[in-house]
Amino acid sequence: MTDSDALHHSLLTVDTHIDIPWPDQGDIGQDTATRHVDLPKLRRGGISAACLVAYVGQGPTDDARHAAVGRQALEMLDAIGRAADTGMARICPLADQIEAARRDGVTAIVPAVENGYAMGEDLSLLAQFRAKGARYMTLTHNGHNALADSARPSAALGDSAARHGGLSGLGREAIAEMNRLGLMVDVSHTARSTMMQALRLSRSPVLATHSCVRALCDHPRNLDDEQLDALRDCDGVVHITAVDAFLRPRDIRQQRPVTVADYVDHVDYVARRIGVRHVGISSDFDGGGSIEGWRNAAQSPALTAELVRRGYDLAQIAAIWGGNFLRVLRRAEVVAGQPA
């Protein structure tokens, strides 16, 4: 084991965005050939905690579809909950529980929901998501929903450039309810207008759980400098994600694979722009994430090796790999206990 490998395995590490295959195959406890993430790979890769998301793709915003996707999200959260049945993992919605799981040598699983479409127009579903352990919800995906505008309107769904001008009235209510429940607000995938409004409204720091830097790759899913500054000002965190199209422009990707070094370039940019306190790690494995050198969770030490090579010290690497996420998680817990 190299020095950087030893350092990596000494850290409390959190991957803040991992999709689960659906329908569920019941194979998360197996070392599978098809999944980028399963419990054996997480353990080999030294990942202490994994945010597993119940993702529902955007579709029509009518009552029937809202009811169907709400049921699906609840079923997916149940499937995530079954990861604990393997004996290799524990559902850990609270920061203290994540730390305790690491001490006990058990993988912490933090459930989450991707796409506010999952709640339709029913705010009561947010409490049901939280009761099943969810700790954040991504407000949108690709396509506008009843809560907010997306960074990528869906032509197939007939989206115009904007539906609400950012957040809808329901979206504003949802953020207040999420704050009350301790369900963190994730602004990955949202329109710039949605993100900036959410930051102003949320009483708890806001996260981008799987986004990259627009100055390095001009993609509508990425965050520009003003958005990064706004995350700093609310004490939030952007977690860089391993989707190659968000890391390097098409012309570069046509010439060579996107690498771990390209990934850490985005970490560097955020650290220099707004500080190490505001950057973290996500893979988006099993949801499109995969780059040269980090193809699955077992290869996660490669990121730490690159951070060491670039001169980050132990405290900085610990913050990037998990400390920043835990800070925001704890703040959400405090806000949830306070009157609005």
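**A close look at a loop, and beyond**

Modeller: Start with proline 23. In this predicted model, proline 23 sits in the loop that runs between strand E1 (14-19) and helix H2 (39-44). Most peptide bonds are trans, and most residues other than glycine have a negative phi.

Now the largest pocket. It holds about 160 Å³ of space. Its lining includes Arg43, Gly46, Ile47 and Ser48. Also among the lining residues are His9, Ala101, Arg102, Gly105, Val106 and Thr107. By type, the lining has 3 nonpolar, 5 polar and 2 charged residues.

Next, helix H13. This helix covers residues 314-336, which makes 23 residues. At 1.5 Å a residue, H13 should span 33 Å; the C-alpha atoms at its ends are 31 Å apart, so the two values agree. H13 still bends, by about 60°, at isoleucine 320. Look at the start of H13 too. There, a side-chain oxygen of aspartate 313 comes to within 3.2 Å of the backbone nitrogen of alanine 315.

Finally, step back to the whole. The protein chain has 13 helices and 9 strands. Its radius of gyration is 18 Å, close to the 20 Å that the globule rule gives for 340 residues, so the chain is as compact as a globular protein of that length. Along its principal axes, the C-alpha trace spans about 55 × 45 × 40 Å.

Conventions: Residues are numbered from 1 along each chain as its sequence is written. This is a predicted model: local features need pLDDT of at least 70, side-chain atom pairs count only at pLDDT 80 or more; totals for chains, interfaces and linings use all residues. Side-chain values use heavy atoms; hydrogens and water are left out. On a 1 Å grid over the protein atoms alone, a cavity is a set of points where a 1.4 Å probe fits but cannot get out, and a pocket is an open set with protein on both sides within 12 Å along at least five of seven lines; lining residues have an atom within 4 Å of a point. Grid points are joined across faces, edges and corners, and a volume is the space filled by probe spheres set on the points. Ala, Val, Leu, Ile, Met, Phe, Trp, Tyr, Cys and Pro count as nonpolar, Asp, Glu, Lys and Arg as charged, and the others, Gly among them, as polar. Helices (H or I, at least four residues) and strands (E, at least two) are DSSP runs, numbered from the N terminus. The expected span of a helix is 1.5 Å times one less than its number of residues. The bend at a residue is the angle between axes fitted to the seven residues ending there and the seven starting there. A polar contact is a pair of N or O atoms within 3.5 Å; within protein, one must be able to donate a hydrogen and the other to accept it, and residues adjacent in sequence count only if both atoms are side-chain atoms. The radius of gyration is taken over C-alpha atoms; the globule rule is 2.2 Å times the number of residues to the power 0.38.
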